[in-house]
Amino acid sequence: MLGLKLATDPRWVNIVESNIEEILTDHAWCEQKAASNAISLVTYNSELEELVTEMLVIAREELEHLQMVHDLIKKRGLTLGRERKDHYVNELFKFMKKDGSRKDALCDRLLFSAMIEARSCERFKVLSENIQDPELAKFYRDLMISEAGHYTTFLGFARKYTDNIDIDKRWKEWIEFEGSIITNYGKKETVHG
């Protein structure tokens with residue numbers, strides 16, 4: 001369904017299991033950034049009522065996920081560490097087209113968002129199927145389903161709001177680009193690392 005070029009090596013979970021506090025902290029900040037991204041889409045596209053309505057739903061869900069991760073951190077006696085840079089997301093951001101019309105920029109921002117959600121969904125699936133901790137396995141399975149919904153929402157809006165972009169062609173370019181950079185990741189106990 002996701003069409004990603006490269007699957008995450010399940011051995012990545014061994015790295016994650018060596019530092020649960022780090023993956024949970026990184027995950028919490030990923031949820032915060034996802035909520036902020038949805039709010040940014042509202043801010044810059046306030047005239048698109050359907051988009052605004054759905055982005056508000058996604059922002060609320062992402063904040064709920066942040067709360068869930070934070071609750072898990074507290075329950076385990078861990079500490080929410082400082083915000084981390086997400087080098088994967090920063091590399092994807094550089095691939096986003098900065099020229100063209102506002103609508104063109106919106107479509108590429110939506111594809112950028114879909115790409116992040118797709119990889120997060122895939123990583124959560126790998127975690128849910130391979131982590132030894134039953135509570136975390138269920139937690140990541142539930143979140144995987146939510147991320148898949150966000151992925152399809154962003155992709156659907158990119159198709160809806162395009163005028164002159166072949167969205168399927170551009171999505172394939174995103175998939176190819178992401179496939180070329182993901183080989184540098186999967187070596188750290190972070191969601192995208």
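Reply: A crossing is left-handed if the near helix is turned anticlockwise from the far one by less than a right angle, and right-handed if clockwise. Helices (H or I, at least four residues) and strands (E, at least two) are DSSP runs, numbered from the N terminus. The model is predicted: local features need pLDDT of at least 70, side-chain atom pairs count only at pLDDT 80 or more, and totals for chains, interfaces and linings use all residues. Residues are numbered from 1 along each chain as its sequence is written, and side-chain values use heavy atoms, without hydrogens and water.

Me: In which hand of crossing does H2 pass H5?

Reply: The axes, lines fitted to C-alpha atoms over the stretch in contact, with angles from 0 to 180 degrees between N-to-C directions, lie 12 Å apart for H2 and H5, at an angle of about 160°. H2 is therefore roughly antiparallel to H5 (under 35 degrees is roughly parallel, over 145 roughly antiparallel, 65 to 115 roughly perpendicular, the rest oblique). Contact, meaning heavy atoms within 4.5 Å, involves residues including His27 and Tyr44 of H2 and Arg102 and Phe124 of H5. The crossing of H2 past H5 is left-handed.

Me: Is H5 oblique or roughly parallel to H7?

Reply: H5 passes H7 in a right-handed crossing. The axes of H5 and H7 (residues 167–181) come within 10 Å and cross at roughly 45°. H5 is therefore, relative to H7, oblique.

Me: How many residues of the contact of H5 with H7 are charged?

Reply: The contact uses, among them, Asp108 and Arg119 of H5 and Trp171 and Glu178 of H7. Nine of the contact residues are nonpolar (Ala, Val, Leu, Ile, Met, Phe, Trp, Tyr, Cys, Pro), none is polar (the others, Gly among them), and those that are charged (Asp, Glu, Lys, Arg) number four.

Me: Which helices do the buried residues of H3 pack against?

Reply: H3 (residues 49–75) has 27 residues and reaches 39 Å from its first C-alpha to its last, close to the 39 Å expected at 1.5 Å a residue, where the expected span is 1.5 Å times one less than the number of residues. Its buried residues (under 20% relative accessible area; exposed is over 50%, partly exposed in between, with a 1.4 Å probe and protein chains only) include Leu51, Ile58, His65 and Ile73. They pack against H2 (20–44), H5 (102–130) and H6 (134–160).

Me: Which residues does serine 146 touch?

Reply: Serine 146 lies in helix H6. It counts as buried because its relative accessibility is 17%. Not counting residues up to four places away in sequence, serine 146 touches Glu61 and His65.
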